[in-house]
Amino acid sequence: MGDDLSLVRFNVSNFFAVLLNSRPFNPISTLLIKIVEALIHSEPTPDEAHIKRVKWIYEHTHEKVNENLAIIELAVFKNLNMGLNREIDIGDKTFSLTELYQYLDDVSKELSTIVIEVAKKYSIDMPMQQFGIGGNKDNQTIDIN
């Protein structure tokens with residue numbers, strides 16, 4: 001399994017780098033979902049349940065929204081300066097900006113769970129140096145197993 005896991009390690013690391021370096025109220029769900037998709041497909045044996053779940057999230061976002069993730073992310077980004085209680089019509093439903101942001105946060109949590117499951121499967125630890133933690137020690141990691 002040695003070298004065939006380099007892409008898996010890269011995608012795990014990349015996911016958390018993007019997640020932890022994002023700014024508040026800066027929707028990044030479509031970027032995160034593409035990294036997770038790349039992660040799953042870089043596994044020696046991709047998990048079909050993960051593939052189906054990621055596809056469902058991209059197409060529906062959340063069971064209360066049932067709209068494409070990119071549309072929700074764009075609606076949030078476009079309306080950020082209008083106030084968190086602003087009402088936004090999407091399809092035949094109306095949501096507050098706060099509700100939509102919560103749904104995007106739920107997506108990030110679910111994607112994080114998938115990434116952690118994959119990392120555990122291959123005993124991949126998270127390197128801390130890339131997050132500015134760990135001082136001068138090169139071997140500091142977070143053991144997620």
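Mentor: Begin with burial: a residue is buried under 20% relative accessible area, exposed over 50% and partly exposed in between, for a 1.4 Å probe and protein chains only. This is a predicted model, in which local features need pLDDT of at least 70 and side-chain atom pairs count only at pLDDT 80 or more, while totals for chains, interfaces and linings use all residues. Residues are numbered from 1 along each chain as its sequence is written, and side-chain values use heavy atoms, with hydrogens and water left out.

Trainee: Is Y103 buried or exposed?

Mentor: Y103 has 9% relative accessibility and therefore counts as buried; F95, at a relative accessible area of 4%, is buried.

Trainee: How many aromatic pairs does the structure hold?

Mentor: Rings of Phe, Tyr and Trp (its six-membered ring) pair if their centres lie within 6.5 Å, and planes under 30 degrees apart count as stacked, over 60 as edge-to-face and the rest as tilted. The structure holds two such pairs. In one, F15 and F16 lie 5.2 Å centre to centre with 90 degrees between the planes, an edge-to-face arrangement, and both F15 and F16 are buried. The ring centres of F95 and Y103 are 6.1 Å apart with planes at 90 degrees, so this pair is edge-to-face.

Trainee: At what angle do helix 1 and helix 5 pack?

Mentor: Helices are DSSP runs (H or I, at least four residues) numbered from the N terminus, and axes are lines fitted to C-alpha atoms over the stretch in contact, with angles from 0 to 180 degrees between N-to-C directions. Helix 1 (residues 6–21) and helix 5 (residues 97–121) pack at about 150 degrees, with axes 10 Å apart.

Key
Helices (H or I, at least four residues) and strands (E, at least two) are DSSP runs, numbered from the N terminus.
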